[in-house]
Amino acid sequence: MSDTPFGFGLPPEEPENGDEGKKKDPAGGGQGSGGNPFGANPFGFGGLPGMGGPGGADNPFAAMFGSMNPNDLGAAFQQLGQMLSHSGGPVNWDMAKQIARQVVAQGTADGTKDASVGPAEKSAVEEAVRLADLWLDQVTSLPSGAGTAVAWSRAEWVEATLPAWQQLVDPVAERVGSAMGDVLPEEMQAMAGPLIGMMRSMGGAMFGQQIGQAVGALAGEVVGSTDVGLPLGPAGRAALLPLNIEAFGKDLGVPSDEVRLYLALREAAHQRLFAHVPWLRAHLFGAVEGYARGIKVDTSKLEEAVGQLDPTHPEQLQEALQQGMFQPEDTPEQKAALARLETALALVEGWVDAVVHEAAKSRLTSADALRETLRRRRASGGPAEQTFATLIGLELRPRRLRDAARLWASLTDARGVDGRDGLWEHPDMLPTATDLDDPDGFVHREHLDFSELDKMLGEAARGEAPEDGDGKE
């Protein structure tokens, strides 16, 4: 990461793009010289009520760009052209992918550079996932969910997970895009149609820059495709990142093959759950979206940033995004949405934690130490994950992971593996946040049996009359 991780400049590892931008005719990146379609001083907003920036200058571009040398001016117009050319959704995902790849190319803070995965690493990952699935067969009734096992580089992780990030981020970014038009002074609303469109394009680019930075940084921390408790990669594909696994286990004092195998157990367990509980993915992403709908934008921060909007200082709006402009609404509905999300994440992570521990405890000498390390890692999150949480106003933290893991372990003791895993058949059968407070009460409670209800519904759909207790209609 650079000293200015959310800066607007292109990283030094990708000089060719920057050089090309500096050599281009400045008019090519925007339409700043002659025939400016936005009128004088389009970004300084000088003289407009409620908007900051220089005003009244005879030559607005001299006021904005006079202190820049020609090379920097060309680069600024190139980036401005990229921002204004976006006409898609609330986030410029092309830019996000580009920035994420550039961040990955820069390497991590410890100096580790991304590299293609070699045949030996691919083979080690495939063998670890194969062995993990054999061990999991003995501790869960859910069959294998990993059709293939793959070893990804950091760049490959970025490419494979961007569709899932889009599903998570777009609802929040849409709220910011709408808010950007709302903060314009009333005097401008009637004539600001093109300007609002331009601002939303810039907002999409700003979000693309920020999300790209965050996803690129996350690629330097994650060890698989399910680190945040959500299925980020393609279905049925268990993925591990050998380079990051090596960095993760570097100071643990645990043999590297044990670290790889333990992480393969976690990845394979997640894959089983998401493959064989068909409603789970939609349930989790729906909980995230439900929470996002209740997030409100801090318009005072946004208004301040827009009021100072200046293409020579695009970091002003970026900094507002980086510092967080989102505040959850303090309503019963929003609190309930957060509780649903946190409980769902805790149940997924707690089940994985309990099942993996059962599979590993008698086979890996470092199972307890690795379990505790992963629990703490999930509880705190790394710097990149915290940055991402700031951007979308939401932490994907299983805050009650330990409570959920204890409940799943107690269910195994009381009902067996089949009884425990059978709760995933229907979302209404799962423990609630209240049940996490009283796990013994849930474990020993007469649990609902949905099989008869499903049978009755099926008969009704077929137009059959239900049988009475004697088997007679």
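Trainee: Which residues of helix α10 are buried?

Mentor: In this predicted model, helix α10 covers residues 242–249, and its buried residues are P242, N244, I245, F248 and G249.

Trainee: How are they arranged when seen down the axis of α10?

Mentor: The buried residues of α10 fall within an arc of 160°, so they line one face of the helix.

Trainee: Zooming out, how many helices and strands are in the protein chain?

Mentor: The chain has 21 helices and 4 strands.

Trainee: What share of the residues is buried?

Mentor: Of the 473 residues in the protein chain, 50% are buried. The chain exposes about 21800 Å², and carbon and sulfur atoms supply 50% of that area.

Trainee: And the contacts, what share joins residues at least 24 apart?

Mentor: 79%, counted among contacts between residues at least 6 apart in sequence.

Trainee: Switching to E349. Where is it found, and is it buried or exposed?

Mentor: E349 is in helix α15, which runs over residues 332–360. Its relative accessible area is 1%, under the 20% cut-off, so E349 counts as buried.

Trainee: What is E349 in contact with, leaving aside its neighbours within four places in sequence?

Mentor: G229, R266, H270, R378, P398 and L401. As for P398, its C-alpha atom is 6.9 Å from that of E349, and the two residues are 49 apart along the chain.

Trainee: OK, salt bridges. How many are there?

Mentor: The count comes to 18. One of them joins the side chains of E159 and K97, at 3.7 Å from N to O.

Trainee: Which parts of the chain does that pair tie together?

Mentor: E159 lies in helix α7 (residues 154–182) and K97 in helix α5 (residues 93–106), so the pair ties together parts that are 62 residues apart in sequence.

Trainee: How accessible are E159 and K97?

Mentor: E159 has 36% relative accessibility and K97 has a relative accessible area of 33%. Both values lie between the 20% and 50% cut-offs, so E159 and K97 count as partly exposed.

Trainee: Where does D137 lie?

Mentor: D137 lies in the loop between α6 and β1 (148–151) and R272 in helix α11, so this pair ties together parts that are 135 residues apart in sequence.

Trainee: Which of those residues are buried, and which are partly exposed?

Mentor: R272 and D133 are both buried, with R272 at 0% relative accessibility. D137, at 44%, counts as partly exposed.

Trainee: Which residues are joined into a network by salt bridges that share partners?

Mentor: R400, D403, R406 and D437 form one such network.

Trainee: Last topic, aromatics. How many pairs does a search of the whole structure find?

Mentor: It finds 3 aromatic pairs. In one of them, the rings of W408 and W424 have centres 5.3 Å apart and planes at 15°.

Trainee: Why is that pair called stacked?

Mentor: Planes under 30 degrees apart count as stacked, and these are at 15°, so the W408 and W424 pair qualifies.

Trainee: Where do W408 and W424 lie?

Mentor: W408 is in helix α18 (residues 401–421) and W424 in the loop between α18 and α19 (433–437), so the pair ties together parts that are 16 residues apart in sequence. Both W408 and W424 are buried, and together with W279 they form one aromatic cluster.

Trainee: Which ring does the charged end of R415 sit over?

Mentor: The ring of F442, at 5.7 Å from its centre.

Key
Residues are numbered from 1 along each chain as its sequence is written. This is a predicted model: local features need pLDDT of at least 70, side-chain atom pairs count only at pLDDT 80 or more; totals for chains, interfaces and linings use all residues. Side-chain values use heavy atoms; hydrogens and water are left out. Helices (H or I, at least four residues) and strands (E, at least two) are DSSP runs, numbered from the N terminus. Buried means under 20% relative accessible area, exposed over 50%, partly exposed in between (1.4 Å probe, protein chains only). Contact means heavy atoms within 4.5 Å. Rings of Phe, Tyr and Trp (its six-membered ring) pair if their centres lie within 6.5 Å; planes under 30 degrees apart count as stacked, over 60 as edge-to-face and the rest as tilted. A charge sits over a ring if NZ of Lys or CZ of Arg is within 6 Å of the ring centre and within 35 degrees of the ring normal. Accessible areas come from the Shrake-Rupley method with a 1.4 Å probe; for residues, only the protein chains shown count as cover. The arc is that of the directions from the helix axis to the C-beta atoms. A salt bridge is a side-chain nitrogen of Lys or Arg within 4 Å of a carboxyl oxygen of Asp or Glu.
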